[in-house]
Amino acid sequence: MNRTTLSLIAVATALAAVTGFATLTAPDSTGAAVAQTPALLPVERTSQLCPAPSMSDIAETTYTSFTPAGTSGSGTSGSAGLSESVVTLADTAGNTKDATKDAQKDDKSDDKDAKSDGEKTDSAQDKAFLALKEPGKPVSAEASGAEAPALVGSADGRLAPGWTTQQTTTVSVGGARGLLGMTCAGPDTDFWFPGVSTEASRQDYVHLTNPDETAAVADIEVYGKDGVLKSEVGEGIPVPGRSSVPVLLSTLTGESAPDATVHVTTRTGRVGAVVRVADEKAGSDWLAASGDPAARLVLPGIPADATDVRLVAFATGEDDADLKVQLAGADGTITPAGNETLHVKSRMTASVDLADVTKGQAGSLVLSPVGSGRAAPVVAALRVVRGKGANQEIAFIPATAPIASRATVADNRAKGSTLSLTAPGAAAKVKVTSSAGTGGGEPAVQTYTVKAGTTLAVTPPAPKGLKGSYAVTVEPEAGGGPVHAARTLALPEDGVPMFTVQTLPDDRGMVSVPKAREDLSILGD
């Protein structure tokens, strides 16, 4: 037996189980390479990063963690936990300083027994802030004020496949007022954020979170309607190990751009990235990264009562993009009058105001190339407003890929959760499972049919005897068309229609790995 080839199988299998990517070829009897049929196996380990939720002293944050039950082959043991990370502030020169340490200096007179920053960091890393015990049962933790922590963590074994954490923050008054929701994401090296702004009325912070012990170095580029905005401080931003660095976009450039696109890349290491938006007139929310650049995009989950919808798109390649703009609603797909197409120049940001495009019916925006010419890759996001005047509230919907197998969103409430399912092509059947609650209850399951070219907005099936919040898992059935999904959580307060929207990308809980024959005879001696 060739030991080198056996080692290759082991390495490829381990790589796929952790990252989701691996391929392997083996020679046939003639010596020619033959691709092996891959096998689907559950991931063995996954990571998540949650940024510091707010700078407001009156913020109330709930973190909810969950892994779906029933993943075949995931074993009987495993762990999942998120620990506190240090928040490090970046100045306009790209330097960083420890915000926790500064806060300790300010509070020294009030708390003589305060621990040093190093001691607090060590204890935070040693003890999980939020730990999940078993699949199928969500857990939650709460934190108040501006000291609510950024979190980093990982899951392995049976808790890794489909592990998800939701961070939900309510700020009742002030310039950052709003319901801020996000699904904590894994680390990467490349992110696109169409929909940001450097206007004076906006405070947009890019949060960079490093899950590793060694420092990462990131670059931030901002693109407006005429191309890249001049900046001398957006390059080489250090992100210390196991730390989170918020960077205010308006400090990176002197140019004002009402609609812009941010590109985050890393020179070394990897980070999690997300944008926290605060609009002085319309509240605040998180803007998650757009899905990978593509010629066709779906932005699911526009609420039925949206009073204003703004589309922001960016062409990432060397070619301009001409996009057909359509709305997949409850009764079919239509083209908004006066906004049939959008021209996006290469490496430039384009935007269009679609006003109250849903007209009382929940829908999803579908972007596709005009004509049969060469299709250019784009990224896109929607800025969605509910309410009017002083009672406005914003949320963001980035483009998201279809669910390949399964997707989950946590922290659904007894009232206020709406699930949007979009089938832009052929019709599809979708299994929706609501988990037990954080405080108890029994799971509930229901199957929905989504007609071709439509968006179906439903209230998830209610868990029997629900106590606390619950998770919703979406699984398209085989044989149907692609399905895109989003969850809207609405928690109105004092006449303000506070809400947040999270898209549901595939959880990548299963990965393809090389499938070797039992006798491995194809590998030779």
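Select C50 to begin: at 0% relative accessibility it counts as buried (buried means under 20% relative accessible area, exposed over 50%, and partly exposed in between, with a 1.4 Å probe and protein chains only). The model is predicted: local features need pLDDT of at least 70, and side-chain atom pairs count only at pLDDT 80 or more, whereas totals for chains, interfaces and linings use all residues. Residues are numbered from 1 along each chain as its sequence is written, and side-chain values use heavy atoms, with hydrogens and water left out.

**The disulfide**

C50 and C184 form a disulfide, with their sulfur atoms 2.0 Å apart (a disulfide is a pair of cysteine sulfur atoms within 2.5 Å). C50 lies in strand β4 (residues 45–50) and C184 in the loop between β12 (178–183) and β13 (190–196), so the pair ties together parts that are 134 residues apart in sequence. Helices (H or I, at least four residues) and strands (E, at least two) are DSSP runs, numbered from the N terminus. The torsion about the S-S bond of C50 and C184 is about 115°, so the disulfide is right-handed. The count comes to one disulfide.

**T168 in strand β11**

Next, select T168, which is found in strand β11 (residues 164–171). T168 is buried, at a relative accessible area of 2%. Its side chain makes a polar contact with the side chain of D411, at 2.7 Å. A polar contact is a pair of N or O atoms within 3.5 Å; within protein, one must be able to donate a hydrogen and the other to accept it, and residues adjacent in sequence count only if both atoms are side-chain atoms. Leaving aside residues up to four places away in sequence, T168 touches several others, among them E60, L179, D411, R413 and L489 (contact means heavy atoms within 4.5 Å).

**Salt bridges**

The count comes to 13 salt bridges, a salt bridge being a side-chain nitrogen of Lys or Arg within 4 Å of a carboxyl oxygen of Asp or Glu. Select D259 and R310, whose closest N and O atoms are 2.9 Å apart in a salt bridge. D259 lies in the loop between β18 (243–248) and β19, and R310 in strand β23 (residues 306–315), so this pair ties together parts that are 51 residues apart in sequence. D259 counts as buried at 15% relative accessibility, whereas R310 is partly exposed at 23%.

Move to D212 and R270, a salt bridge with its closest N and O atoms 3.0 Å apart. The pair links distant parts of the chain: D212 is in the loop between β14 (202–209) and β15 (216–224), and R270 is in the loop between β19 (260–268) and β20 (272–279), 58 residues apart. Then select D219, E235 and R267, which are linked in a network of salt bridges.

**Strand β33 and its partners**

Finish at strand β33 (residues 428–434). Five of its seven residues are buried, so the strand is largely enclosed by the rest of the structure. Seven bridges join β33 to strand β35 (residues 444–450), and the two run antiparallel; two strands pair if DSSP finds at least two bridges between them. In β35, A444 is the bridge partner of S434. Strand β38 (residues 470–476) also runs antiparallel to β33 and is joined to it by five bridges, and in β38 the bridge partner of T433 is T473.
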